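Hi everyone, thanks for coming.

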Amino acid sequence: MNEKYPYVTFLGLHFNLTNDIAILVSAVIVFFLLFWLARKPQLRPRGKQNVLEYLIDFTNGIVKQAMPGPEGNRFGLLALVLFVFIFVSNQIGLIFQVDAGGLTWFRSPTADPVITMGLALIVLVMSHFFGVAVKGISGYLKGYVSPVAFLAPINVIEEFTNFITLALRLYGNIYAGEVLLLLVRQLAFSGAGGPVSFVAGFLLEIIWQGFSVFIGSIQAYIFVTLAMVYTSHKVVSE
Amino acid sequence: MATLGDTLFLVATFVVLLILVGHFAWKPVTKIMTERQTKVDGDLDYAENARNEAQALQAKREAELKNSRADAVKIVNTAKENGEKQRQQMLDATTQEVATLKQNASADIAQERQDALASAKDDVAELSVAIATKIIGKELNAADQQSLIDDYIKGLGDANGVD
């Protein structure tokens, strides 16, 4: 991960291949994982079906915390996919990081601010869309002048800060984790302390990877929770 | 900068992922979960109903048992009463019969005594006439003397306290 990426230009749009490969790989893993878990569902759940049902209950629980009423039902699928996708994205860079020819070819997609902002954008657009769909245009606009009219500027600014913090919190955590992984690897192969630095780096890498698994899980949970809380502000009428 | 391209790529991938997961994983599993929920609800309702029915049936049976016990007591009481009544009736009838019999018997006895007395009176009269005839040696006209002797005898009876 040296901040040099392969770029291609297609239809006048620039693509960072590292990001796109990482997104694609994560999405494919998420799809096949969930697809495999959902094979042949039975009324009496067995084995892998329990895992998926637990996951669904978990993400539905996140949705229900923010939106206890029936308006939360439609967000169950989004919460599940968002959670599993971010979780897989966070972990994938802990396992694979590919640098070749002076370019970074593979790392966690969520270690890039563009991607986390893209995810936050999806949540933002969706929350505003359903805000209008559920409460109507007037109800949606009324949300900006509540509880009192002079708070409208703050409410508008809050939309941006929510968006930015949602994206950058995830990016910062994952990016920092991967940078540290890289630094530990460089320490291990620096040859400064000979075999001692290699062994120390090896152990440190294991410890940091384990901790990053924890951080990645927590961040996925936080992202989905906040996404649902922000959505509930738009959708739920107090 | 690759911001726009990557964002579009992410959004497109995410939407496709959302659709695919929704179709292949979310829908079948949530369907099964809903079915299970419905089944559990139904089973619970069914169990509740069955329990209520059993309780109602038990209450009914207990009530019936109580009723039949009361019936039995009633029947026994009626039988006892009837028996008592019958006994009383029989006793009364017997008592009455005995009384009648006794009355008849005493009437008969009185009658017979009367008859015996009457016949004894006649005999005494005849005897007296016979004695008198013997004594006087002359046959009295029995018919003429009869009333006179009757008076005597009656006087005798009164003096002896006999009716």
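Let's begin with contacts, meaning heavy atoms within 4.5 Å. Among the contacts in chain A with a separation of 6 or more, 71% are between residues 24 or more positions apart.

A quick word on the ground rules. This is a predicted model, where local features need pLDDT of at least 70, side-chain atom pairs count only at pLDDT 80 or more, and totals for chains, interfaces and linings use all residues. Residues are numbered from 1 along each chain as its sequence is written, chains are lettered from A and ligands numbered from 1 in the order in which they are written, and side-chain values use heavy atoms, with hydrogens and water left out.

Now the layout. Chain A has six helices and four strands; helices (H or I, at least four residues) and strands (E, at least two) are DSSP runs, numbered from the N terminus. Read from that end, the order is β-β-α-α-α-β-β-α-α-α. The C-alpha atoms fill a box of roughly 65 × 50 × 40 Å along the principal axes.

How many of the 238 residues of chain A count as buried? The share is 45%, where buried means under 20% relative accessible area, exposed over 50%, and partly exposed in between (1.4 Å probe, protein chains only).

Finally, please find F198(A), which sits in helix α6 of chain A. F198(A) has a relative accessible area of 39%, so this residue is partly exposed.
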